[in-house]
Amino acid sequence: LWNVDNLKEGESASPAIIEAGLCINRGEAVAFPTETVYGLGADAANDKAVDEIFAAKGRPGDNPLIVHIGKLEQWQDLASYVPDMAQKLATSFWPGPLTLVVPKKQTVSEKVTAGLSSVAVRMPDHAVARALINAAGVPVAAPSANRSGRPSPTKAEHVQYDLDGRIAGILNGGDAGYGLESTVVDCTGEKAVILRPGGITKEQIESVLGVNQVQQTSTIREEEAPKAPGMKYRHYAPSSPLVLVDDHMENYIEKERQAGKKVGVLAVEENKNTFQPLAHLFISLGSVENLEDIAAHLYHNLRIADQSDVDIILCETFLKRGIGTAIMNRLEKAASGS
Ligand code: TXA
Ligand code: MG
């Protein structure tokens, strides 16, 4: 664990970052903070290093990785061409929590793209992340730094809990900012398709490309969307069942209690006084007035619920608007539809 908590934007790499960059050059996998969640990075051009990522995470090999760049020029090493909409989105939102899927150069490893003809690219808005990529001097393939099936890590401790002993090291840069993974936008077709909602909202993307130039995957049938292999896996799943409750939370708590279950409740601070006395464990998600704050702590709260002794977790739902869309997307995946 290397502490780099106090690196400021624009500051040159500290010794810890240089050492982590050398690990990447040696073909090892290193965890690092970004403004979304912690990533597990390796040299995108080194197949054996990329294998290390899949092995450490226990991730299926047919789920492609995002390639992280530190400088805009690196895009040219990865994309066979940059579609106009991708250029516009990069100009507006990079560095930032937006991943752009573009046609790949032949030289980009099939291990990284899982055999797809496209590659997902992102420039993170985090001084430590970019300093690491620039220290390594190569594009860095990095999924979220959790064991496959666990919530993405938003703190170095989460990475340690999931991957200790399985990776070369962890750069500890404190809490990740957004707390949810980047928005993934497919730019290979006629319209931009949001494959995964995240920190950059549909509304923001529409403001750059125009409302009728943007689609969301939920409007596309699963069979017609083979471009998003990540979608067929169950993600972020807690070990006790998670159930989303739209309304009448009290009734559901009571029903589960009567069935002899220890009930955990995840709800907004405003509902604490109502639900806490009824539940075995109450976890406040934050104020409904501040959805950014709820997003930032969501995975940490899911981990706490997961590590508690409850038999079932009941969680409130949110309006699918702005960042609420990304919050609900992650909760629905964690609940696998219940
Ligand atoms: O915020 C983030 O995006 C974080 C940080 C570390 O950058 N990374 C992250 O990576 O969430 P990961 O591997 O957990 O999620 C990447 C998603 C997966 O759902 C994957 O299927 C999709 O991006 N993806 C990667 N390459 C793709 C491609 N060529 N076409 C379509 N989807 C792709
Ligand atoms: Mg992930």
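## Basis of the model

Because the model is predicted, local features need pLDDT of at least 70 and side-chain atom pairs count only at pLDDT 80 or more, while totals for chains, interfaces and linings use all residues. Residues are numbered from 1 along each chain as its sequence is written, chains are lettered from A and ligands numbered from 1 in the order in which they are written, and side-chain values use heavy atoms, with hydrogens and water left out.

Helices (H or I, at least four residues) and strands (E, at least two) are DSSP runs, numbered from the N terminus. Two strands pair if DSSP finds at least two bridges between them.

## The sheet of 11 strands

One open sheet has 11 strands in the order β1-β8-β2-β3-β7-β4-β6-β5-β9-β10-β11, and its pairing is mixed. Its edge strands, each pairing on one side only, are β1 (2-3) and β11 (214-216). Strands of a sheet pair through backbone hydrogen bonds, either parallel or antiparallel.

Helix α6 (residues 156-163) packs on this sheet and touches β2, β3 and β8 (169-172), where contact means heavy atoms within 4.5 Å. The direction of α6 makes about 165° with that of β8. Axes are lines fitted to C-alpha atoms, for helices over the stretch in contact, and angles run from 0 to 180 degrees between N-to-C directions.

Strand β3 (residues 39-43) has 5 of its 5 residues buried, so it is largely enclosed by the rest of the structure. Buried means under 20% relative accessible area, exposed over 50%, and partly exposed in between (1.4 Å probe, protein chains only).

Strand β2 (residues 30-32) pairs with β3 in the antiparallel sense over 3 bridges, and a hairpin of 6 residues joins β2 to β3. V30 has G41 of β3 as its bridge partner, and A31 has L40 of β3. β3 also pairs with strand β7 (residues 140-141), again in the antiparallel sense, over 2 bridges. In that pairing A42 stands opposite A141 in β7.

Strand β4 (residues 66-68) pairs with β6 in the parallel sense over 3 bridges, with A120 in β6 as the bridge partner of I66. Strand β5 (residues 98-103) runs antiparallel to β6 and is joined to it by 4 bridges. V101 stands opposite A120 in β6.

## The sheet of 4 strands

A second open sheet has 4 strands in the order β12-β15-β13-β14, with parallel pairing. Its edge strands are β12 (242-245) and β14 (281-284), each of which pairs on one side only. Neighbouring strands of this sheet are turned by 20° against each other on average, direction ignored.

β12 and strand β15 (residues 312-316) run parallel and are joined by 4 bridges. L242 stands opposite I313 in β15. Helix α10 (residues 291-307) lies across β12, β13 (263-267), β14 and β15, and runs at about 170° to β14.

## Helix pairs

Two packed helices are described by the angle between their axes and the distance between the axes. α10 packs against helix α11 (residues 323-334) at an angle of about 25°, with the axes 9 Å apart. Ala, Val, Leu, Ile, Met, Phe, Trp, Tyr, Cys and Pro count as nonpolar, Asp, Glu, Lys and Arg as charged, and the others, Gly among them, as polar.

The axes of helix α3 (residues 84-93) and helix α7 (residues 202-209) come within 10 Å and cross at roughly 120°, which makes α3 oblique to α7. M85, K88, L89, S92 and F93 of α3 make the contact with Q204, I205, V208 and L209 of α7. The residues of this contact divide into 6 nonpolar, 2 polar and 1 charged.

How values were computed. Angles under 35 degrees count as roughly parallel, over 145 as roughly antiparallel, 65 to 115 as roughly perpendicular and the rest as oblique.
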